[in-house]
Amino acid sequence: MFFNSFRFLIFFPIVFIVYYLLPAGGRLRKYWLLAASYFFYMSWNAAYAVLILISTVVTYACGRLLDPSGKKDAHSEAASGASTAAPSDAASGETPASPSDASRRKLIVAGSLIINLGILGYFKYFNFFTSGINGVISLFGSNARIPALDILLPVGISFYTFQAIGYTIDVYRGETEAERDFFKYALFVSFFPQLVAGPIERSKNLIRQLTLENRFDFVQARDGFLLMLWGYFLKVVLADRLAIFVDTVYDAPETYQGWYIVVATVMFGFQIYCDFYGYSTIAIGAAQILGIRLMDNFDAPYLADSVAGFWRRWHISLTSWFKDYLYIPLGGNRHGKVRKYINIMIVFLVSGLWHGASMAFVIWGGINGLYQVIGAFLSPLRKNVPKAVRVITTFILVDFAWLFFRAGDMSKAALVLKNMFAASVTPAASDMTEMAHSAGGLRIFTDGSIFECGLNPANFVCLIVCLLILLISDICRERGIRIRQAICNLRWWFRLPAIVIIICAILVFGIWGSAYDAAGFIYFQF
């Protein structure tokens, strides 16, 4: 059930109305949202609800086993009959962990990681690793092969797995208490707005909000609704329009050369931004209407003046997750510069693998890690470079890396790179149209051939105008100006027509497909 489908536009109002009709803070609200979340997830494949349930049960049980208060409660009867005189450590409520207890806790965390990452690894990486093993076997002249399996990747498995693992580690570190209410915890793992593509929430932020004692707040709901509208604009007006050109070129990389590929790669940089930013914004807005605040996932990333700055603004929930649960445990920057750079490369290589079971994604992650290492060495020189130049340079570097991300596999990425820098017509060109595509020189901007990639002149003008709106919005965000707040501050007789105009513009200029074929979100595949 995509956010931009008719099913969701029916589903969400029903969830919203029933939610606020139920008593605030009562169990019925919790059960209602949990049922709605599982229905939302099962709309893709009902069988895979078993996987999210397994992850939920395992991490819930591990949390209870890790919680020191659980151990204390188990012996509360015996303790009640004991003398009230107690050592100062016991009186403080904290008991030093024995070596055996520390080992037990580590085993619990390890068990949670093995089970959750094992499930993720099987569904997402089994064929990737077996193909690598088969390649090694072939080097020794053997014809033995591990057969590939026909495995359908469950939607959002990487997101909810990381969220559940983060909870286990937080409880182990003592940063959050273990949740005793199983249904409340299950709702934390499966909360439908952010279930399949984030933001990857932290337990200390989301679980405490799931008491669901909030009453309907018109101002908060109105702000959430405007957020959803902005998300729909980003997705159906911008991302899906950009996708037409990008897919035309990247789905036939042998046909296009030169500036066709350059333009398509630049467009993909904006497509993936608008697509993922759009999803996150709809998710945050929908949750806010239900009285729940999710973390921001984007902060005008293409205005960053360094690649490191870009990653502090892009997919913030994942970047911070890797920082807290991988980079810092590896040692962070505490053991010298060499170790710091190694840790950065490890994080970005793992991040690349997290995004997809292909060497192209690993290369994409490695390139971004390498950018940061090189950027650290060049930082003294960058201070004298104008910010506008730094921002443009950062965009070019990030966008070049996106080429590997969009290609999806190394053979296709190699072909795209080859054709991007090709300077002449290929011998395989069989007609004038194909020859024009192959040449891909600057004349594609003047002879009209660029309009043969799915977007006619009217759609190109619409695209440019909408990208300018996005740029203005990001600049306003950068300067602390809230456009939504400005709309809300209008008198109602101005505000209401403004909202109606926005809705009509999304309906008129959105890319809906034949018979309203809702386009999926890019990050659903991860």
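The expected span of a helix is 1.5 Å times one less than its number of residues. Helices here are DSSP runs of H or I with at least four residues, numbered from the N terminus. The model is a predicted one, in which local features need pLDDT of at least 70 and side-chain atom pairs count only at pLDDT 80 or more, while totals for chains, interfaces and linings use all residues. Residues are numbered from 1 along each chain as its sequence is written, and side-chain values use heavy atoms, with hydrogens and water left out.

View 1. Helix H8 covers residues 157–173, and its 17 residues should span 24 Å; the end C-alpha atoms are 24 Å apart, so the two values agree. Of these 17 residues, 15 are buried (under 20% relative accessible area, with exposed meaning over 50% and partly exposed in between, for a 1.4 Å probe and protein chains only).

View 2. H1 runs over residues 6–21, and its 16 residues reach 23 Å from first to last C-alpha, close to the expected 22 Å. Its buried residues are Phe8, Phe11, Phe12, Val15, Tyr19 and Tyr20. They sit on the same side of H1 because they cover an arc of only 140° around the axis, taken from the directions from the helix axis to the C-beta atoms. These buried residues pack against helix H2 (27–42), helix H11 (218–250) and helix H12 (259–289), where contact means heavy atoms within 4.5 Å. On the face turned away from the buried side you will find the exposed residues Phe6, Ile10 and Leu21.

View 3. Arg105 belongs to helix H7, residues 99–139. A polar atom of the Arg105 side chain does lie 2.7 Å from the backbone oxygen of Tyr172.

View 4. The salt-bridge rule gives a count of 15. In one of these, the side chains of Lys235 and Asp275 meet at 2.7 Å, N to O. The pair links distant parts of the chain, with Lys235 in helix H11 and Asp275 in helix H12, 40 residues apart. Lys235 is buried at a relative accessible area of 1%, and Asp275 is buried too, at 2%.

**View 5. Asp247 and Arg406.** The closest N and O atoms of this salt bridge are 2.9 Å apart. Asp247 is in helix H11 and Arg406 in helix H17 (residues 387–407), 159 residues apart. How accessible is Asp247? At 30% relative accessibility, Asp247 counts as partly exposed, whereas Arg406, at 16%, counts as buried.

**View 6. Arg477 and Asp299.** Here the side chains meet in a salt bridge at 3.1 Å, N to O. Arg477 lies in helix H20 (residues 457–478) and Asp299 in the loop between H12 and helix H13 (307–313), so the pair ties together parts that are 178 residues apart in sequence. Arg477 is partly exposed at 29% relative accessibility, and Asp299 is partly exposed with a relative accessible area of 29%. Salt bridges that share partners also join Asp223, Arg482 and Arg484 into one network.

Technical notes. Helix = DSSP H or I, 4+ residues; strand = E, 2+ residues; numbered from the N terminus. Polar contact = N/O pair within 3.5 Å; in protein donor to acceptor, adjacent residues only side chain to side chain. Salt bridge = Lys/Arg side-chain N within 4 Å of Asp/Glu carboxyl O.
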